[in-house]
Amino acid sequence: MKIKYFVESAYVDLFDSIKDHETLYTEKSNSWVKDFFGDREYCKESRIESYLPELKAENDEYTNVIAFYDVFKDRLNPKQASNPYLWSYLTHCEYWDYTNARWAKEGMSVDTIKQRYFCSFLTNNIEGNRVGFLRNAVARLWWMGYLSYQENRHSNPYELTKLLTSHSDISSSVLERNFSMNRNVTVGILDAILEINNDPSLAEVGVSHKTGKYEWRELCKYINRYGAVTLLDSMTSDDIKEISYNFLLENRK
Amino acid sequence: MNKTNINYPHPVLSSANEDYIQSSFDISLVDEPSIEENNVVINVAYSLLCDGLQYLIASGDAQVVIYMNSTVAEYRQMKAFDSDKTEMNIKINRNDINKSLQLKGYIIAANSIKSFSLPEHNKAFFGTVPFSLRKGDIMGLATHSFNIPLESYDPLADRPSIFSIRKQTQHPKEEVSSDFSGQKITIWLNEETHNKYRTLYAAPDTRGVLSAFFAAPVLVDTLYFMKNMTEEEKIEYESKKWYQVINHRLQELKLDISSDVSMTKIANLILPRIFSSSVEALTQLCEALLKGGEKDEN
């Protein structure tokens with residue numbers, strides 16, 4: 001089947017009516033979405049041909065990322081995946097049950113609706129923004145796969161995805177920083193954490209005994225500062241891994 | 001990645017500081033970016049006036065690079081010039097990027113440099129103290145950067161409206177306002193007006209008149225905004241679809257808003273006859289209403 005997306009006018013009207021529909025976003029049923037549009041045409045078929053994989057809120061994020069990205073990694077490109085009309089259609093229509101069970105809660109704010117059901121993080125911009133795509137309930141599954149999947153990784157092409165999804169703070173700390181747009185940097189950081197975690201003589205990367213803060217957060221801040229003076233994009237993932245690994249161990253002293 | 005206001009721990013060649021004397025570095029686009037098959041093709045060149053850095057580039061200790069970024073598509077890459085060339089051809093798969101592509105030029109350390117001191121360094125700031133550079137450390141920032149819109153207006157394609165009429169949610173007391181920050185010019189209407197607009201819009205006969213009510217004055221507003229734009233604002237807005245459409249129309253009709261006094265006149269010329277066509281639409285609507293009234297009487 002061809003995957004559908006919202007037409008522009010329908011998307012804009014739905015976005016502008018979030019406040020009016022605030023309580024409806026916690027409903028189990030999405031019938032209000034079709035009622036809102038009435039007889040007008042609100043969606044179109046894209047050129048993307050695919051079935052929709054099942055997503056279950058009771059599964060962990062890693063399982064859902066693999067379920068979704070495995071199907072769409074060769075069917076969606078980054079240009080298509082940065083279209084808010086596509087993802088908003090999926091969260092409101094095809095994946096309402098999943099989005100509702102996974103993210104909806106009583107008293108959910110307009111900002112939360114904008115980022116989980118649309119692709120706008122802390123903005124009124126209907127076109128969405130980078131972090132918005134990383135927070136949308138369904139888009140995030142594709143983008144986390146895209147930024148961490150490694151076809152040629154010998155053990156498991158999703159090995160870094162597993163680490164990324166092991167704690168919600170790792171994914172936001174790493175992916176919501178601009179340096180993660182360069183996959184070498186993301187892979188280098190995650191590889192360093194993985195190496196320490198796989199070393200039985202070292203404690204896993206987690207909460208620092210010294211500072212009480214997440215070690216990966218301190219690492220990401222350090223890489224950010226490093227990137228203020230140095231062009232991180234000139235480095236290989238191994239360079240970034242070495243810098244990250246050394247920082248993490250040094251930070252424990 | 002904005003590195004315009006950073007105090008680096010070593011001299012950096014930049015037009016924004018005085019770390020170097022009688023030196024300069026910049027990048028330029030050789031020609032307009034184009035699409036070839038499935039790729040965006042960009043020809044970039046650089047110019048460097050600094051013997052010290054030239055020597056490091058020739059010896060392989062430094063590189064001139066182009067940093068490329070398309071944010072919503074999570075694209076961020078770097079490409080280096082060959083050490084003996086000042087021009088480079090860049091090809092990017094158009095499906096890997098979206099909306100716009102930012103280009104910035106840098107000179108970076110290709111390896112770590114233990115004793116970095118050049119005759120061109122400003123002695124008043126640095127004396128003859130040598131610096132230690134890590135691989136990748138920034139040594140130069142190009143004066144200019146480029147923001148290339150990727151969804152350029154195609155005058156042969158069907159033209160969707162450049163206006164978007166939306167319900168005002170942020171400032172509910174504002175009856176009407178305009179906003180140029182998006183790809184379309186947004187006309188914000190308060191809830192009451194927006195609901196009435198939507199109801200009227202359902203009838204095709206009313207659309208011409210409705211568009212004149214809102215789009216015409218906002219278009220005049222827009223033209224004044226464009227007329228008073230600074231060079232920086234022009235660069236910022238040239239990726240916006242509405243800006244491209246209006247600019248293209250102005251060029252097509254050979255209109256110069258900087259010299260014309262009446263933006264109302266220009267608005268009526270460019271889209272298409274927005275004032276005079278609305279009078280025609282109102283006339284037709286009234287005729288249709290009168291005919292409907294006659295039928296009722298009969």
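Buried residues make up 57% of the 253 residues in chain A, where buried means under 20% relative accessible area, exposed over 50% and partly exposed in between (1.4 Å probe, protein chains only). The structure is a predicted model, in which local features need pLDDT of at least 70 and side-chain atom pairs count only at pLDDT 80 or more, while totals for chains, interfaces and linings use all residues. Residues are numbered from 1 along each chain as its sequence is written, chains are lettered from A in the order in which they are written, and side-chain values use heavy atoms, with hydrogens and water left out.

The secondary structure of chain A consists of 14 helices and 2 strands; helices (H or I, at least four residues) and strands (E, at least two) are DSSP runs, numbered from the N terminus. Chain A has a radius of gyration of 20 Å, close to the 18 Å that the globule rule gives for 253 residues, so it is as compact as a globular protein of that length. The radius is taken over C-alpha atoms, and the rule is 2.2 Å times the number of residues to the power 0.38. Along the principal axes, the C-alpha atoms of chain A fill a box of roughly 65 × 35 × 35 Å. Of the contacts in chain A between residues at least 6 apart in sequence, 69% join residues at least 24 apart, a contact being heavy atoms within 4.5 Å.

Chain A exposes about 11000 Å², and carbon and sulfur atoms supply 44% of this area. Accessible areas come from the Shrake-Rupley method with a 1.4 Å probe, and for residues only the protein chains shown count as cover. Chain A carries 31 positive and 37 negative side chains, and the centres of the two sets lie 3 Å apart. Lys and Arg count as positive and Asp and Glu as negative, with His and the chain ends not counted; the place of a charge is NZ of Lys, CZ of Arg, CG of Asp or CD of Glu.

Chain B has 8 helices and 14 strands, and 43% of its 298 residues count as buried. Residues 24 or more positions apart account for 65% of the contacts in chain B with a separation of 6 or more.

At the interface, 41 residues of chain B are in contact with 35 residues of chain A. About 3300 Å² is buried between the two chains, with 47% given by carbon and sulfur atoms; buried area is the accessible area (1.4 Å probe) that two parts lose on being put together, summed over both. Glu74(B), Arg76(B) and Arg166(B) supply 24% of the area that chain B buries against chain A, more than any other three residues.

Beyond four places in sequence, Pro78(A) touches Trp142(A), Trp143(A), Tyr146(A), Ala73(B), Asn95(B) and Asp96(B). Pro78(A) is buried, at 4% relative accessible area. The C-alpha atoms of Pro78(A) and Tyr146(A), 68 residues apart in sequence, are 8.6 Å apart in space.

Within chain A, 7 of the 9 residues of helix α1 (residues 8-16) are buried, so this helix is largely enclosed by the rest of the structure. Among the buried residues of α1(A) are Tyr11(A), Leu14(A) and Phe15(A). Cys119(A), in the loop between α7 (110-116) and α8 (130-135) of chain A, is buried with a relative accessible area of 0%. Its contacts beyond four places in sequence include Pro84(A), Trp87(A) and Phe133(A). Cys119(A) and Pro84(A) are 35 residues apart in sequence and 5.8 Å apart, C-alpha to C-alpha.

Ala57(A) lies in the loop between β2 (43-49) and α3 (61-72) of chain A and is partly exposed, at 24% relative accessibility. Beyond four places in sequence, Ala57(A) touches Tyr98(A), Ala101(A) and Arg102(A). The C-alpha atoms of Ala57(A) and Arg102(A), 45 residues apart along the chain, are separated by 5.0 Å.

In chain B, Lys99(B) has a positive phi near 70°. Lys99(B) lies in the loop between β6 (87-93) and β7 (100-109) of chain B and is partly exposed, with a relative accessible area of 22%. Lys254(B), in the loop between α6 (241-252) and α7 (263-270) of chain B, has a positive phi near 55°. Lys254(B) is exposed, with a relative accessible area of 75%.
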